[in-house]
Amino acid sequence: MSRRTTVDAVKEMLGPPDIAMPALLTMRAKENRHLEHILGVTSTFVSEDTGTHADFVGSIRELLSGVGTKTPGWKRLVRVTEQAVNHFLPATSCDFATFIRCVTFHIWVVGVLNPDAPQDVILQSTDLSVAQVTSAFFEFNETGGTGVTPSRLHSTLKEWITCDRDGNNNPVNLVFPVYEKLWRLVAAIVICAQRCPVAKNPLLDFCDNPTERQFRSSRAPDHGPSAADVINEVLRMYPPVQEISRPYGLPLWQTVQMGRVQIADIKAVQEFNEEGERIQEPQAFIPGRWQSGPKPAIFAFGDGPLRCPAEHCAPAFAALIASKVMDRVNGVGHKLERISDTGSTAQYCWEGRAVRRMY
Ligand code: HEM
């Protein structure tokens, strides 16, 4: 196994100049076989086929174009987000990560995948509830398995996702692994904003005025970081995909030298800037570092031909959800509290927290 941690090495691994698209897809599909076997994913993430890739990425781009910040779909998404946060706020208390998972899933399904549904629709459980579906995905991501069978997941998702966006009518393709990345980013944003006032204020401004312009505006009068700078810094420090691995079909002698699997260490490489130099205080959360160049290198959305098609819209989307959560979990009606001290053993920044109702 060979771990890539520098800007040039990661770029070379994710966009190798001498490897054609079919071979790249084959490598990714090999690494993702478990997605197919355990969850029943059939999209480009598990397929060698260039046609499947073009169709899936095309339908994702079309889907996202309907909820861009300048579209009527975005206005509806803002309402759906407010309603989802309201709906999942606990009557007494609940685990913070579970809350963010349910809210993000609901917004993804109702706000993006079902654009014609009433904006206040509730996803009713016939077999599995939203909390059960989202915890099955989480369990899968953490352990590589889940106690819920693909057929139960599929039949529940089919109840909720009525449109056939993906051409092959497999709703799990439109939910996993997309939503799994999104909720992790949302959770990390809320935690960073709670710890750092410089990050909180631009997000609350964006909550009041969720426009593209506001997202990118420096905060007057202190010219502090914009909401976009905050999200970039969260993505730098807490990338939802921490590493990308590919089993390269290298000749045997090179496999001995370099290992069978190449890993792009996203977290490590984001401690450098675009010019390949180490940034100052890489372990510190400093959104202001995005205000002037050279900017930190960002690989949170991958690189090369398989780069994420959502990289331009996911930051504003995540900021919208996080800011609406912060607006309601504000220490008045509900508060975010630490329920266990995970200390330095915590794998994720959002562990050990609960959302509690105040009265
Ligand atoms: C925080 C949010 C997200 C992060 C951090 C993220 C990250 C990534 C990364 C690292 C890859 C590259 C995978 C690889 O090289 O093997 C990727 C690919 C992809 N992402 Fe995202 N993603 C996010 C959200 C989304 C969303 C919201 C969508 C869909 C609407 C999406 C759709 C895709 C697709 C279809 C690919 C495959 C692209 C291709 O095969 O050409 N992602 N994403």
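How many bridges join β5 to strand β6? Five bridges join the two strands, which run antiparallel, with β6 spanning residues 353–357. Strands (E, at least two residues) and helices (H or I, at least four) are DSSP runs, numbered from the N terminus, and two strands pair if DSSP finds at least two bridges between them. The structure is a predicted model, in which local features need pLDDT of at least 70, side-chain atom pairs count only at pLDDT 80 or more, and totals for chains, interfaces and linings use all residues. Residues are numbered from 1 along each chain as its sequence is written.

The strands β2, β6 and β5, in that order, form an open sheet of three strands with antiparallel pairing. Its edge strands, each pairing on one side only, are β2 (93–95) and β5 (334–338). From one strand to the next, the twist averages 25°. E337 has A354 in β6 as its bridge partner. Helix α6 (residues 96–113) lies across β2, β5 and β6 and runs at about 85° to β2. Angles run from 0 to 180 degrees between N-to-C directions, and axes are lines fitted to C-alpha atoms, for helices over the stretch in contact, where contact requires C-beta atoms, placed from the backbone, within 7 Å.

Around the ligand there are 23 residues, of which K181, L185, G302, C308 and A310 come nearest; a residue is near if its C-beta atom, placed from the backbone, lies within 6 Å. At least two residues of this shell are supplied by each of α4 (50–65), α10 (178–195) and α16 (314–328). Helix α4 gives the largest share, five residues. The shell comprises 18 nonpolar, three polar and two charged residues, with Ala, Val, Leu, Ile, Met, Phe, Trp, Tyr, Cys and Pro counted as nonpolar, Asp, Glu, Lys and Arg as charged, and the others, Gly among them, as polar.

Note on methods:
Contact = placed C-beta atoms within 7 Å.
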